[in-house]
Every structure is written in structure tokens, then in C-alpha cells.
Amino acid sequence: MTTTAPVNPTQQRTAEVVADIFGVINERLVRHSVTYPEYQAAKAWLIRIGEAGEWPLLLDVFFEHTIEKLASERREGSSGCIEGPYYVPGAPELSSPATLPQRPDEPGDVLVFTGTVGDLDGNPLAGSVVDIWQADAHGFYSQFHPDPPQWNLRANVTTDERGGFEITTVVPAPYEIPKEGPTGQMIRAAGWHHWRPAHLHMMVRAPGRRTLTSQLFFAGGKYVDEDIASAVKPELTLELGRLGDGRYSAEYDFRLDPA
């Protein structure tokens, strides 16, 4: 690869990272003796990814977990997890205890999610915010599927004076990432499945603290051990408690790093 000498630290960083990535790709092309027809098919597929607007989907599913792992290694508090493509800012603001916005006949079992938000020493962070979003019991996200209303199962929940929160929602379902487009085509061609395990998403914010983006999974759930996005972590996998009458509980305490 022909290059010119970088003239500033940003250019040097870009040159080092990009050249290394391109070098690895070229080495793998040689290792697998990739043919011209395979190369042309891959090029056409990459063009279709852009035309379909699926670059965020592809990158979030197959690469974000690596970047997030590097970011979490620089944390002392709770583990983070990938954001994924379904976050929407501006969800309704609620105070704990809160019930997430939902349809009157919202399908699924009731989930009461409780916990606290604190600093690294466990001191409560009153007035912190748990920005939470999730799929419904059919695996659908509001604003990305026509069935759920706009803010269904999305809210910014403010903690109480003890940094505590209680959020009533429903147990989410596993779901398939979109498979009609070129990302799904690639997954089918490789013989992989399209599934993500059931999980809750959240961004946890407090003044003077580093925002935590994370996901929480459920022990024993389907696809927990084979997440297509490779995002499941043992420390983010919760036990579901039974409250009876189709009601469940889960608990997690968030610890935030200084900003």
C-alpha cells in the first residue's frame, strides 16, 4: 500500500488503524484464495448494504461488541453493553415507581424491575435517570415496527432520594434481527441464525458521572448462549424471580464511574 507520511497525530492514528485493518483483510483474501467472482459478489453485497441503509445494523450486530468490550475495560463500575440500533431519544419522563408506557392489553408477563443507581462506593445517586427501552412480548420495538405505539415500553425513569428505582414492564421476547435485506442474506448464506436473546436496554445517567449504556439478559433464556450480536456477559445475566399470577421480578444495581 502506497502512503504518504502522516503530518499530525490524528493522521498518524488513522493511518495506523486503517492500514492495519486493510492489511488483515488482504491477508485473509490470500489465505482463503478468494476468486474474482467471490470478490465481485462481495462488492455488490456491500453496495446493497448501503442502498438498504443497513450499515448501522451490520456494524452493531457484528462489530460493536468488540468496541464496547474495549470501552468497558476502562470502567471500574458496572459493565456496559452494546447500544444496538433501536434506541430513540426523547422518551417520556417518569418518576420511580413507574410503569412503562404500554397498550391497555399489552401482551406478555408482568416484570417488576428494581435496583439502585450509585457511585463506585455504593453511595446513592438520587435523581439519576434510567433511560430504558425494550422489545415487547412479540419481539417488536416501538418506532421500528408498526404494531406498538410510539413510546411503547420506553421511558426515562428518575430514581428516588435513595437512588432506587422500580419499573413495571413486561418480560421481553427474543427476536430476530431484520433478515429480509442484505445483512440477512449474508447470515443465511453462512448458515447462522438471526436471533438475539430477550433483554432490557438502558442508558443510566447522573450529573458528574459517566453515562452507562448496557443490556440485561435473563438466565436460562433462549439464545443467551448463542447471541448473534455476541453481546451477552455473565455479569449482566439476571435470574427471574416468580411473583405469581404471571408476574416476575428482576433486580440489578448500577454503579457509575466519575465523568
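Which residue in the turn of the hairpin formed by strand 12 and strand 13 has a positive phi? In this predicted model, local features require pLDDT of at least 70 and side-chain atom pairs pLDDT 80 or more, whereas totals for chains, interfaces and linings use all residues. Residues are numbered from 1 along each chain as its sequence is written, and side-chain values use heavy atoms, with hydrogens and water left out.

The residue is D245, with a phi of about 55 degrees; two residues separate the strands of this hairpin. Helices (H or I, at least four residues) and strands (E, at least two) are DSSP runs, numbered from the N terminus. Strands are taken to pair if DSSP finds at least two bridges between them. Strand 12 and strand 13 run antiparallel and are joined by three bridges, with G244 opposite R247.

Both strands belong to an open sheet of five strands with mixed pairing, in the order 2-6-3-13-12. Its edges are strand 2 (98-99) and strand 12 (241-244), each of which pairs on one side only. Strand 13 (residues 247-255) pairs in the parallel sense with strand 3 (residues 110-118) over nine bridges, and T116 stands opposite D253. The covered face of strand 13 comprises Y248, A250, Y252 and F254, while R247, S249, E251, D253 and R255 make up the uncovered face. Strand 2 runs parallel to strand 6 (residues 164-170), to which two bridges join it; here A98 stands opposite I167.

A further open sheet is formed by six strands in the order 1-5-4-9-10-11, also with mixed pairing. Strand 1 (93-95) and strand 11 (237-238) are the edge strands, each pairing on one side only. Within this sheet, strand 9 (residues 199-205) and strand 10 (residues 212-218) are antiparallel over six bridges, and V204 stands opposite L212.

In helix 4 (residues 64-72), E64, E68 and S72 are buried (under 20% relative accessible area; exposed is over 50% and partly exposed in between, with a 1.4 Å probe and protein chains only). These residues are on the same side of helix 4 because they cover an arc of only 70 degrees around the axis, taken from the directions from the helix axis to the C-beta atoms. I67 and K69, on the other side, are exposed. The buried residues of helix 4 pack against helix 3, contact meaning heavy atoms within 4.5 Å.

Grid points are joined across faces, edges and corners, and a volume is the space filled by probe spheres set on the points. The count is one cavity of 30 Å³ or more, and the largest cavity has a volume of about 80 Å³. Helix 3 (residues 55-62) gives the most to its lining, with three residues. The lining of the largest cavity includes Y175, R196 and H201.

The largest pocket has a volume of about 1100 Å³. Its lining has 22 residues, of which I25, L29, A42, W45 and L46 lie nearest the centre. Helix 2 supplies the largest share of this lining, seven residues.

Key:
1 Å grid on protein atoms, 1.4 Å probe; cavity = no way out; pocket = protein on both sides within 12 Å on 5 of 7 lines; lining within 4 Å.
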